[in-house]
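Subject: Structure handover

Hello,

Here is the structure for you to look over. My notes on what was found in it follow below.

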Amino acid sequence: MKPLLDLEEAIAQLKSAIVRETEPGKQEEYQGRIEGYEKRRDNVLDIMFSRLGPWEEVLLARADPRPYTLDYVSAIFTDFIELDGDRRAGADHAIVAGPAMLEDRPVMLLGHQKGRNLTERTFRNFAMAKPEGYRKAIRLFEMAERFRLPVVTFVDTPAADPGVESESRGISEAIAASMLAMFKLTVPTVSVIIGEGGSGGAIGIAASNKVLMQEHAVYSVIPPEGCAAILWRDPAKKDKAAAALRLTSKSALELGLVDQVLPEPRGSAYRNPLEAAETVKDGILEALSELDRLSPQEVKAHRYSRFRSMGAFLA
Amino acid sequence: MRTGDASASRFVQCQNCKKTLFATDFASNLKVCAYCGHHHRLTWRERIDWTFDEGSFVETDTELVSGDPLQFPDYQPKHLAAQEKTGMADSVVTGRATIQGVPVSIAISDFHFMGGSMGSVAGEKVTRALERGCDERIPVVIFCASGGARMQEGLLSLMQMAKSTAAVERCQREGVPYIAVFTDPTMAGVLASYASVADVILSEPKALVGFAGARVSKQAQVVKAPDDFQQAEWVLRSGMLDRIVERRDMRATLGSLVRMLGAHLRGLEEKLA
């Protein structure tokens with residue numbers, strides 16, 4: 001990281017100096033130096049990213065500056081109206097949802113939402129949804145079906161909320177029922193794994209016709225720390241677990257469990273969120289236009305057979 | 001002394017109250033402690049023999065074997081050891097049986113095989129058991145006993161949650177009754193998929209039933225967990241299951257349920273005759 005930070009620092013200093021510079025010819029000279037540094041920075045980024053190990057991928061997927069669901073929503077959609085409440089027990093801010101326009105068509109949006117500072121994180125419960133979140137999802141999936149809205153979900157959660165209260169209100173049932181509600185839909189559904197695809201909390205809103213995954217997102221049955229603690233009684237072996245779990249986008253694609261990997265800008269999504277959003281948008285549009293060719297019953301059958309074929313065994 | 005030694009010794013010790021029991025009494029009492037009522041874990045074979053009609057079980061899907069798709073460290077030797085220990089191919093056994101004369105499609109999970117964990121084979125078998133119910137218009141009965149998804153098959157295991165849940169949706173749509181029985185323990189990825197969306201959920205007494213390990217749950221919140229947190233009795237009070245049924249009553253309860261809920265299935269009457 002050190003060479004990269006040094007270069008970034010140098011570029012930033014030159015950029016602020018260039019504005020104040022009045023001496024003739026100096027601005028051009030600075031500009032040339034900036035471009036030289038930028039080239040070197042890009043080289044460093046390329047080298048770093050070509051060597052990323054699975055554990056670094058986990059850290060990148062969890063990184064604070066990485067764009068979150070609402071960042072993509074504002075870049076990709078218009079007229080988003082957030083709807084809330086499960087009409088049963090409460091409101092859950094770890095999942096945001098509501099109708100929005102994707103270019104010229106209305107869709108139902110839904111996604112886990114992380115926070116960037118302590119206040120936001122507490123409000124969002126670290127994107128760990130409670131039963132109320134999944135029951136809100138069910139309510140809005142059913143609404144999407146009534147009004148023939150395609151469903152787009154963004155997945156970015158470390159896990160579903162594991163607390164005592166969530167247990168008592170049936171977090172397991174809520175996740176299972178949310179998947180079941182998705183399998184009932186005859187409108188097309190597309191999910192995008194944008195950061196952490198954390199086990200049950202993720203699959204609860206990702207039982208879709210098409211599942212896209214950003215290049216530097218991760219998708220896993222268990223966090224590497226938990227896996228290491230259980231299998232090797234040592235959470236410090238998290239990098240070994242991250243490698244063993246094959247949780248990168250490349251692995252998920254190779255295993256046939258996601259349909260497409262969405263490439264990210266040089267240095268990952270946070271370095272150029274708008275470019276990242278453009279790729280995500282294209283991916284969603286392409287997936288929906290493919291699904292548009294299917295009849296409502298075919299949409300449902302397509303989803304069933306997508307998941308039905310998943311599993312690796314000798315037979 | 002472990003209950004698994006019952007055949008080798010005249011005595012066994014209850015795992016809960018530690019009292020000594022005659023092995024023959026223990027077995028004839030379906031491995032339930034005569035003193036404290038503790039329901040000890042069963043093998044899949046004991047479960048079938050003590051629940052379904054004698055000699056009615058025909059196993060299916062025996063050709064399915066795990067393929068270590070991730071080349072996960074130590075998975076193959078662990079899997080082999082589990083096969084040798086249990087004589088099972090994987091953690092779930094499926095087939096057809098009758099219960100009080102009613103034909104049913106069944107899946108039995110056995111905790112002794114890698115903690116009953118669900119990988120590709122277990123997920124496939126459960127899915128086939130549910131689909132068989134639809135194809136043959138017979139009720140489905142699944143006994144759960146699992147620590148959750150099998151880590152060693154990574155994301156493939158997570159996808160089994162969606163796959164099996166999709167099959168439950170098909171049962172619901174086609175009016176095929178599906179009854180889940182939680183036994184000790186029913187946790188995590190299994191609880192958060194096909195287990196929790198059954199038409200009727202029964203549980204054995206005191207079974208551990210939960211999403212997260214109790215240690216994680218208690219750490220996660222300042223709310224004090226009740227003493228019987230994640231025990232079937234607490235889960236029942238929370239509204240997450242229908243009934244707690246003692247082992248000796250399981251056959252009769254299941255028999256009545258499949259008879260009533262499956263009465264509308266075409267041809268079931270003839271099959272009964």
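**Domains of chain A**

The C-alpha centres of domain 1 and domain 2 of chain A lie 37 Å apart. Domain 1 of chain A covers 2–51 and domain 2 covers 55–308; these bounds come from an automatic or database domain assignment.

Before you read on, two points on conventions. This is a predicted model, in which local features need pLDDT of at least 70 and side-chain atom pairs count only at pLDDT 80 or more, while totals for chains, interfaces and linings use all residues. Residues are numbered from 1 along each chain as its sequence is written, chains are lettered from A and ligands numbered from 1 in the order in which they are written, and side-chain values use heavy atoms, with hydrogens and water left out.

Back to chain A. 6 residues of domain 1 of chain A are in contact with 6 residues of domain 2 of chain A. Contact here means heavy atoms within 4.5 Å. The two domains of chain A bury about 540 Å² between them, and carbon and sulfur atoms give 54% of that. Buried area is the accessible area (1.4 Å probe) that two parts lose on being put together, summed over both. On the domain 1 side of chain A, A:L45, A:D46 and A:F49 supply 70% of the area buried against domain 2, more than any other three residues.

How many salt bridges are there between domain 1 and domain 2 of chain A? The count is 3. The term covers a side-chain nitrogen of Lys or Arg within 4 Å of a carboxyl oxygen of Asp or Glu. A:D46 meets A:R266 in a salt bridge, at 2.9 Å from N to O. Helix α2 (residues 26–50) of chain A gives the most to the domain 1 side of this contact, with 5 residues. Helices (H or I, at least four residues) and strands (E, at least two) are DSSP runs, numbered from the N terminus. By class, the domain 1 side of chain A that touches domain 2 has 2 nonpolar, no polar and 4 charged residues. Ala, Val, Leu, Ile, Met, Phe, Trp, Tyr, Cys and Pro count as nonpolar, Asp, Glu, Lys and Arg as charged, and the others, Gly among them, as polar.

**Domains of chain B**

Chain B is assigned domain 1 (1–40) and domain 2 (42–272). Their centres, taken over C-alpha atoms, are 24 Å apart. Here 6 residues of domain 1 of chain B are in contact with 8 residues of domain 2 of chain B. The area buried between these domains of chain B is about 700 Å², with 60% from carbon and sulfur atoms. B:L30, B:K31 and B:H39 supply 75% of what domain 1 of chain B buries against domain 2, more than any other three residues.

There is 1 salt bridge between the two domains of chain B. B:K31 also pairs with B:E46 in a salt bridge, the closest N and O atoms being 2.8 Å apart.

**Where the chains meet**

The contact takes 60 residues from chain B and 49 residues from chain A. About 4600 Å² is buried between the chains, and carbon and sulfur atoms give 72% of it. Within chain B, B:M151, B:L155 and B:F211 lose the most area to chain A, together 16% of what that side buries.

The count between the chains is 3 salt bridges. B:E131 forms a salt bridge with A:R308, with the closest N and O atoms 2.8 Å apart. On the chain B side, α5(B) gives the largest share, 18 residues. That side divides into 31 nonpolar, 17 polar and 12 charged residues.

Strands also join the chains. Strand β8 (residues 313–314) of chain A is joined to β4(B) by 2 bridges, and the two run antiparallel. Strands pair if DSSP finds at least two bridges between them. In this pairing A:L314 stands opposite B:V65.

**Across the whole structure**

The search finds 46 salt bridges over all chains. A:K136 forms a salt bridge with A:D84, the closest N and O atoms being 2.9 Å apart. This pair links distant parts of the chain, 52 residues apart: A:K136 sits in helix α6 (residues 131–146), and A:D84 in the loop between α4 (69–76) and β1 (95–102) of chain A.

Best wishes
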